[in-house]
Amino acid sequence: MVKDDISSATAGAGQVQVWQRDSLQTAKEDWLADEVPVALVYNGISHVVMMATPKDLEAFAIGFSLSEGIIAAPGDIYGIDIQPSCGGLEVQVELSSRRFMGLKEQRRAMAGRTGCGVCGVEQLAEIGKPVQPLPFTQTFALDRLDVALAQLKSYQPVGQLTGCTHAAAWMMPDGNLAGGCEDVGRHVALDKLVGLRSQQPGWQSGAVLVSSRASYEMVQKSAMCGVEILFAVSAATRLAVEVAQRSNLTLVGFSKPGRATVYTHPQRLV
């Protein structure tokens with residue numbers, strides 16, 4: 001990584017001293033990814049606290065709100081303000097009155113889903129909640145996947161320093177990545193990406209590429225935001241495949257150079 005890249009990553013990483021197995025007498029400088037509590041506060045009421053890397057938090061707020069069905073479009077948010085609070089950060093989101101009333105009706109107490117998609121869900125029936133079936137408007141040529149895979153690390157400056165982040169990126173039909181986000185949590189990285197995508201009119205055609213496995217929640221979040229094709233570098237869970245099948249999402253796992261395992265709706269792929 002070049003010097004300018006290191007500078008761009010320091011907002012999400014910090015230096016520490018470490019000792020290696022073969023040299024316990026001499027400390028060396030190393031980098032660790034930042035992980036801080038981030039509270040999403042809607043119209044003054046705290047809704048969820050996530051452990052996240054403190055980058056792209058405005059995109060995170062928009063993407064989380066979209067993928068959780070709190071808003072239908074970015075225009076439902078009138079303002080976003082980020083403030084330090086209690087050893088973490090508060091993202092103050094001003095919702096339209098109509099959306100805030102809807103949120104209060106369905107509100108649930110959730111906590112840090114970096115590793116768990118069930119934490120804070122009040123009813124087990126909320127797992128796999130209905131998603132409007134996706135249309136079949138997108139196609140993607142698998143021979144262009146390798147182009148995107150070669151570019152994925154360029155959207156992980158903190159990850160290149162620390163080896164500690166996931167990435168989610170928007171893949172254009174030609175295989176080039178239009179943009180991406182990273183975070184210590186794969187769900188948060190995806191929320192950041194779909195929030196960023198909602199601000200980019202040219203990012204309607206294409207697919208999502210994530211550096212992690214595909215859990216049911218990542219499939220559900222993608223489908224909620226109109227993403228028709230999701231590529232994951234690692235495996236998918238059985239529940240993820242079931243949700244993808246029901247929502248008409250094309251789910252691909254083990255996305256590596258020269259390799260891809262298609263779990264659902266292969267008709268979008270050529």
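**Exercise 1. Sort the residues lining the largest pocket by class.**

By class, the lining comes out as seven nonpolar, four polar and one charged residues. The classes put Ala, Val, Leu, Ile, Met, Phe, Trp, Tyr, Cys and Pro in nonpolar, Asp, Glu, Lys and Arg in charged, and the others, Gly among them, in polar.

A quick word on the ground rules: this is a predicted model, where local features need pLDDT of at least 70, side-chain atom pairs count only at pLDDT 80 or more, and totals for chains, interfaces and linings use all residues. Residues are numbered from 1 along each chain as its sequence is written, and side-chain values use heavy atoms, leaving out hydrogens and water.

Now the names: Leu 66, Gly 69, Ile 71, Ala 72, Pro 74, Val 194, Arg 197, Ser 198, Gln 204, Met 224, Cys 225 and Gly 226 line the largest pocket. A pocket here is an open set of points on a 1 Å grid over the protein atoms alone, where a 1.4 Å probe fits, with protein on both sides within 12 Å along at least five of seven lines; lining residues have an atom within 4 Å of a point. The space inside is about 230 Å³, a volume being the space filled by probe spheres set on the points.

**Exercise 2. Work out how α7 packs against α8.**

Start with the geometry: helix α7 (residues 216–224) and helix α8 (residues 238–247) have axes that come within 7 Å and cross at roughly 20°. Axes are lines fitted to C-alpha atoms, for helices over the stretch in contact, and angles run from 0 to 180 degrees between N-to-C directions. So α7 is roughly parallel to α8, the label for angles under 35 degrees.

Next, the contact (heavy atoms within 4.5 Å): α7 brings Tyr 216, Val 219, Gln 220 and Ala 223, while α8 brings Leu 239, Ala 240, Val 243, Ala 244 and Ser 247. By class that's seven nonpolar, two polar and no charged residues.

**Exercise 3. Do likewise for α6 and α7.**

Helix α6 (residues 186–197) packs on α7 at about 10°, the axes being 10 Å apart. The two are therefore roughly parallel to each other. Arg 186, His 187, Leu 190 and Asp 191 of α6 meet Glu 217, Met 218, Lys 221 and Ser 222 of α7. The class tally is two nonpolar, two polar and four charged residues.

Technical notes:
Helices (H or I, at least four residues) and strands (E, at least two) are DSSP runs, numbered from the N terminus. Angles under 35 degrees count as roughly parallel, over 145 as roughly antiparallel, 65 to 115 as roughly perpendicular and the rest as oblique.
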